[in-house]
Amino acid sequence: MKKYGLNLPEKVFGMDSDLLVLFVNPLLLILGFFLLYNVFLKPQLAVIGKNFAEIKKTETLVKSTQAKRDYLLSISQEELQKNVDLVKNAVLGQKDSYYLVGLIRNIADKYGFRVESFSVNPGKIDGEDDTKVTEAVQLPVTLTLVGVKDKYLDLIKSMESSLPILTFKQFDMKGIGSIVELKLVVTAYYIPDQKEEKISNLSLNDLKLVGNELEMLRTISEFSKADGGDRLNKQSTDTQYRQGEYLRTNPFTL
Amino acid sequence: MNNEGINLLPNQAKFRALRSALQKKINLFMWLFGLGMTLTALVVIGFLVFSKTSLNGLIKKQNALNMELKTMSDVFTTSWGVKYRAKIVGNLLADRFEYGESIERVNDLFSKKITVNSLEIRGINDFLIDGEARSDEGMNEIEELIEEVKNKQNDNLDNVNLISLNKSGSTWKFKMEVRLK
């Protein structure tokens, strides 16, 4: 028998070759399908899978970017500026211990207290580096203030509700008649600028103020801004030095 | 037909009929299989086109949003700065012990019959008080306070420890450690 250009015997493996040739076409079709699957469909299925994964990722990114855009559009410029001022005033503008002494002196003046002595501690105080807030640099100063006994509590409360934020690390009050001497270690803080970050790398959580932060802003908005002189407006570091002379302002003088 | 020959015609007819039925079934299978193959290929191509189009659309949308965000970079950077600082300042405030309030609570412990001469804060809520009572009534007040704390009846103090007590004339001088609740 001649089929597909081949001379076939009547029987192959005991089966009629006329019947066997019927299966050649379907087998070729199945083989064709496997070829089609491996050469075309399988790689395309991988591409589709990759595309869908990419779609999911991009959808999340689009949602997050939209949320960021919507939030930024919803912010009131006035409110933002108010918050900028509050957080800026909450800490020292630069690492300037003399400014801090001047600032405390100004508050003390209001309550009739005077700075008897002070020492700046550029380093840590032993046993007092107890803050958990590592992003903020502490600037402690040790002071002795003298004034009227009746006013010392008002002075302490005023210092605690001033901007920049002041924290007492040590407190010792000694009264002699109607006069008190306060020995204090007071710390203010300086926050170095944050590292530059790409806009796309930041999420909405990096922009949006949450409960306790809003609460903090409300709290410090009631604080009064204290001033330590105009040293911050000068291009100075802790101490200016020019022509063999340190230009250190005296915090005791007005 | 002679007697020696065998009549094969019925068998051949049966075989042809069987072959023809099988051929039909195989043809049907091939049609269905071919159709399935084509449909599968079409579905795959459809998904491919759909996924590519969707992805391109999303990428375009994302690029447009990024461009829009770039125009708002000032607000973005400012908001980020506010958030960064607000978080730190919030932690600083949360970490801070309010001495003014505590000192006020300590001062409120005593009436005008008692004068606090010195106050040292030894730790959070721990105070060392050096004071004097100018009369026996004032000293009674101190004793009552200590009694109250010992009997856990005082709302403000957790603990009190009288370190020293001196009498000079009618003035009682005392030194005590107190721990606020």
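Two strands are said to pair if DSSP finds at least two bridges between them. Strands (E, at least two residues) and helices (H or I, at least four) are DSSP runs, numbered from the N terminus. The model toured here is predicted: local features need pLDDT of at least 70, side-chain atom pairs count only at pLDDT 80 or more, and totals for chains, interfaces and linings use all residues. Residues are numbered from 1 along each chain as its sequence is written, chains are lettered from A and ligands numbered from 1 in the order in which they are written, and side-chain values use heavy atoms, with hydrogens and water left out.

Begin by selecting strand 8 of chain A (residues 167-176) together with strand 1 of chain B (residues 114-123). These strands run antiparallel and are joined by 4 bridges. Within this pairing, A:Asp172 stands opposite B:Glu120.

Strand 1 of chain B pairs with strand 2 in the antiparallel sense, over 8 bridges. Here B:Thr115 stands opposite B:Glu132. At the turn of this hairpin, 2 residues lie between the strands, and B:Asn125 takes a positive phi near 70 degrees.

Then select B:Arg134, in the loop between strand 2 and helix 4 (136-150) of chain B. B:Arg134 counts as exposed (over 50% relative accessible area, with a 1.4 Å probe and protein chains only), because its relative accessibility is 52%. Its side chain makes a polar contact of 2.8 Å with that of B:Glu132; such a contact is a pair of N or O atoms within 3.5 Å, one able to donate a hydrogen and the other to accept it within protein, and residues adjacent in sequence count only if both atoms are side-chain atoms.

Note on methods. Buried means under 20% relative accessible area, exposed over 50%, partly exposed in between (1.4 Å probe, protein chains only).
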